[in-house]
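Biologist: I'd like to learn how to read a model residue by residue. Can we look at it together?

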Amino acid sequence: MTDTLQFSRIAYYCTALLDPHSIALVRGSERPNLLYMVGGRSRGAGRARTIATRRGTVTARLINLVHRRSQQQLTLLVVCMALFFNVLNGTMVNIALPAIGRDFGIEPARLGWIATGYLLVFGVAVPFYGRLADRFGARRLFVIGLCIYSFSSLACAIAPSYSFLLAGRIAQACGAASIAGLGMAIISGVYPPERRGTALGYVSATVGSGAAVGPIVGGTITGLLNWHAMFLLSALSGLIVPIAMRVLPPSERRPGEGIDLLGGVLLGLGVGGALLASTEGARGDITAPVVLGAATVSLVSFVLLVLRQRLTTSPFVPRELLQNSQFIALVIVSFCAMTANVATFVSLPLLLNRDYNLAEVQIGFVLLPNALAVATLGPVAGRLVDRIGGRLPLRVGLVVILVAQVAFSSIGVGNAVWFVSLLAGVQGVGFALMNSPIATMVSLVAGRDRQSSGLSMNSMAFFLGGGFGTAMLTAILTLRASATSAINPLYGRDAIPYSDAFLVFTVPLLLALALSLRLPSGEQQFEERRSEAAATPARATAR
């Protein structure tokens with residue numbers, strides 16, 4: 001009996017140590033009555049049996065807690081590994097494009113489709129995966145997408161021709177979209193609301209790490225070996241598949257819910273047309289027929305999608321999301337923030353290559369502080385979201401990015417390389433403080449039943465914002481190429497078009513700051529957490 005009571009005491013306090021929130025579940029009548037212990041013996045056989053029963057209850061809760069935490073951590077590890085390969089491949093391919101063009105002897109216009117085709121399919125597929133996950137569950141689609149990504153990476157590695165490589169890249173985008181679109185949804189489904197911000201912070205850190213080492217790894221592999229080896233590295237993601245099948249938890253399925261395929265096609269045409277117009281326009285001719293045609297298709301498709309949303313009983317984009325003003329505000333904030341961040345992601349490599357004469361690997365090292373800041377501060381921002389809510393860290397992040405943009409426009413571009421690298425790091429700090437709060441708040445305001453759709457729509461807004469920002473950047477650099485004075489009166493160097501671009505990109509940041517006023521406060525976010533936590537046991541009981 002002494003061993004029983006001592007184990008009961010240890011189990012109780014271990015539970016309190018591992019999970020302070022769950023200790024409330026074993027307080028009161030379930031807590032071991034240690035006051036009846038004298039010299040390691042209980043007073044009365046009845047009380048001894050009661051204590052032994054309660055010891056079993058506490059021990060079971062402790063075992064369940066440890067198992068749940070282990071599954072959460074393993075799930076986070078699997079998703080982060082898949083995302084790392086995804087981001088790493090995207091940044092490596094951009095570095096290897098010149099080498100691919102030399103091997104196949106193709107002109108830059110056709111070579112650009114290696115990246116453009118990938119972006120188009122990726123942007124269209126992300127919302128489809130989210131909507132399908134609402135119906136069939138995220139786990140199965142995530143594993144299927146990971147398999148497609150791995151096999152298509154292997155196909156790209158052995159590609160004997162440009163056409164074969166392009167087909168492989170399109171298939172690769174189909175798989176990668178499930179990883180990016182459903183990874184956060186899986187994490188949000190596994191982690192409770194009070195710890196979700198920290199988990200999504202690690203996801204953000206993974207993305208930053210992949211972006212940090214991608215240009216360096218891609219340049220090194222391409223220089224020492226060839227671009228085929230780069231795709232072989234991405235094919236290693238297939239090793240994650242058996243682990244994912246064993247570790248990822250089963251997802252809820254809603255077999256009775258229909259999917260509006262026509263609405264999905266219209267959304268795909270709208271997103272694809274917008275991305276095609278922006279990427280083709282980014283090559284310098286925004287009045288080209290392909291740009292105007294793609295923009296027209298995109299506009300008409302979005303108009304028809306709005307009509308379709310009103311007429312059908314089960315629209316492709318759930319009505320709960322479109323009627324949620326906080327969700328709409330978050331999606332627009334994501335779009336505006338990514339539109340502004342493209343000034344760093346796209347314009348700085350151009351500037352460093354043309355004006356500073358730096359090679360690709362050197363540019364990767366200059367921009368390394370930006371990615372390292374995202375990788376380091378992502379978990380920190382996630383913990384802040386769990387403690388104080390997401391609105392304040394989001395606002396601080398947007399302000400930091402705004403300060404970095406103004407500094408780039410005023411004194412940064414054309415300055416010493418170390419100063420450019422420093423400002424890039426400052427902007428990375430702002431992006432880290434912004435990214436995790438947005439994802440966490442989207443998962444909460446969308447509701448548990450629509451997390452997959454909500455997070456995938458948010459990811460789509462990120463990519464659309466990047467495409468729109470690229471088109472804006474190209475237009476500004478083209479229109480201001482022969483300017484003799486900068487719009488910013490504080491700028492006095494020679495890189496006038498880049499200074500103007502950074503200044504213009506402060507406008508979407510100001511819009512995002514204004515919209516952040518509509519986002520839930522910390523207390524509202526905590527109330528949403530409690531509502532989701534209360535709904536979860538009810539669903540489990542119903543099943």
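**Reading contacts, burial and helix starts**

Biologist: Which residues does glutamine 427 touch, not counting residues up to four places away in sequence?
Modeller: A contact means heavy atoms within 4.5 Å. Glutamine 427 touches Ala340, Asn341, Thr344, Asn370, Ile401, Ala404, Gln405 and Phe408, with residues up to four places away in sequence left out. Keep in mind that this is a predicted model, where local features need pLDDT of at least 70 and side-chain atom pairs count only at 80 or more, while totals for chains, interfaces and linings use all residues. Numbering starts from 1 along each chain as its sequence is written, and side-chain values use heavy atoms, without hydrogens or water.

Biologist: Is glutamine 427 buried or exposed?
Modeller: Buried is under 20% relative accessible area, exposed is over 50%, and partly exposed is in between (1.4 Å probe, protein chains only). Glutamine 427 counts as buried because its relative accessibility is 0%. It lies in helix α17, residues 417–445; helices are DSSP runs of H or I, at least four residues, numbered from the N terminus.

Biologist: Which residues of helix α8 are buried?
Modeller: An α-helix has 3.6 residues a turn, so residues three or four places apart point the same way. In α8 (residues 227–235), the buried ones are Trp227, Ala229, Met230, Phe231, Ser234 and Ala235.

Biologist: What does asparagine 226 reach at the start of α8?
Modeller: One of its side-chain oxygens comes within 3.0 Å of the backbone nitrogen of histidine 228.

Biologist: And where is asparagine 357 found?
Modeller: In the loop between α13 (325–354) and α14 (360–366). Asparagine 357 is exposed, since its relative accessible area is 62%.

Note on methods:
Helix = DSSP H or I, 4+ residues; strand = E, 2+ residues; numbered from the N terminus. Polar contact = N/O pair within 3.5 Å; in protein donor to acceptor, adjacent residues only side chain to side chain.
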